[in-house]
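Here is a friendly walk through one protein model. Have the sequence and the 3D view open as you read.

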Amino acid sequence: MTTASADIIDLLAGIAPGDALAAVRDQRAQARENAQRSFEALLEPAEPGTFPLAERYAVAAFVARLHGFDAAADFYDDLLADEAPELATGVAAAAAAGRADGPYGAYREPDLAGESVEGPRWEPEPELTAALGGRLAAALTHAHLLVFRPREARAAALQALVDAGWSADDIVSLSQLIAFLTFQLRVAWGLRVLAAAPASAATVPPASAATVPPASAATVLEGADR
């Protein structure tokens with residue numbers, strides 16, 4: 001596991017030791033450590049069990065591509081190519097087919113119905129499902145749902161994973177992984193934006209939102225070492 005010694009958010013954000021933003025992140029050392037530990041637990045666990053590294057990297061590469069974050073897509077593509085090169089083309093094709101602008105979806109609450117926004121409800125074509133395998137295809141469909149239509153995440157979506165062979169524990173890990181990736185990519189992108197405005201970066205206070213994981217990320221960490 002070649003990424004164990006690297007701070008992945010720094011890597012994705014293009015932050016080198018000694019950079020101003022490295023010092024900013026150091027002011028919240030626990031937040032930095034927790035984000036790194038989440039990566040290690042969810043993307044490179046010592047014992048991945050029935051949710052193998054190949055599937056974890058495939059989901060990560062897919063989610064990074066959906067976010068349009070080229071540096072992150074390259075990083076996770078490389079991990080996937082090392083672990084399961086036969087999946088790389090299919091994952092890239094799935095992400096290209098699933099690209100959209102979001103978030104969107106329909107609210108169930110009557111008072112929020114007016115804020116519903118239509119968008120594509122994506123799932124792989126049969127040929128792509130055959131290339132990826134039904135289990136991974138279902139995981140990518142679920143990832144697309146959580147990235148673009150989180151307000152529509154309901155029991156039927158979980159049942160689709162069960163039908164594709166996902167266990168309850170692996171479904172929890174998959175959902176944690178997708179939530180963590182969304183957090184990780186947004187933090188890294190925000191740091192890139194700050195890096196492009198160095199005068200502003202020098203004045204970022206210690207409690208910068210760019211260095212503090214939200215509650216959902218803390219939940220990911222708490223459940224990651226199951």
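## A residue in the core

Which residues does Val-59 touch, not counting residues up to four places away in sequence? In this predicted model, Val-59 is in contact with Leu-136, Ala-139, Leu-140 and Ala-143, and also with Leu-174, Leu-177, Ile-178 and Leu-181.

Val-59 belongs to the largest nonpolar core, a set of 61 residues. Along with Leu-43, Phe-62 and Tyr-76, Val-59 touches the most other members of that core. In soluble globular proteins, nonpolar side chains tend to be buried together.

## Helix 8

Let's turn to helix 8 (134–148). Twelve of its 15 residues are buried, so the helix is mostly covered. Among the buried ones are Leu-136, Ala-139, Leu-140 and Ala-143, each of which also touches Val-59. The buried residues of helix 8 pack against helix 4 (53–66), helix 6 (88–98), helix 7 (126–132), helix 9 (155–163) and helix 10.

## The largest pocket

The largest pocket holds about 520 Å³ of space. Helix 8 and helix 10 (168–195) are the elements that give two or more residues to its lining, and helix 10 gives the most, with eight.

In total, 23 residues line the pocket, and His-67, Leu-146, Val-147, Thr-182 and Arg-186 lie nearest its centre. The lining is made up of 14 nonpolar, six polar and three charged residues. Val-147 is also one of the buried residues of helix 8.

Notes. Residues are numbered from 1 along each chain as its sequence is written. This is a predicted model: local features need pLDDT of at least 70, side-chain atom pairs count only at pLDDT 80 or more; totals for chains, interfaces and linings use all residues. Side-chain values use heavy atoms; hydrogens and water are left out. A nonpolar core is a set of buried Ala, Val, Leu, Ile, Met, Phe, Trp, Tyr and Cys residues joined through side-chain atoms within 4.5 Å. Buried means under 20% relative accessible area, exposed over 50%, partly exposed in between (1.4 Å probe, protein chains only). Contact means heavy atoms within 4.5 Å. On a 1 Å grid over the protein atoms alone, a cavity is a set of points where a 1.4 Å probe fits but cannot get out, and a pocket is an open set with protein on both sides within 12 Å along at least five of seven lines; lining residues have an atom within 4 Å of a point. Grid points are joined across faces, edges and corners, and a volume is the space filled by probe spheres set on the points. Helices (H or I, at least four residues) and strands (E, at least two) are DSSP runs, numbered from the N terminus. Ala, Val, Leu, Ile, Met, Phe, Trp, Tyr, Cys and Pro count as nonpolar, Asp, Glu, Lys and Arg as charged, and the others, Gly among them, as polar. The expected span of a helix is 1.5 Å times one less than its number of residues.
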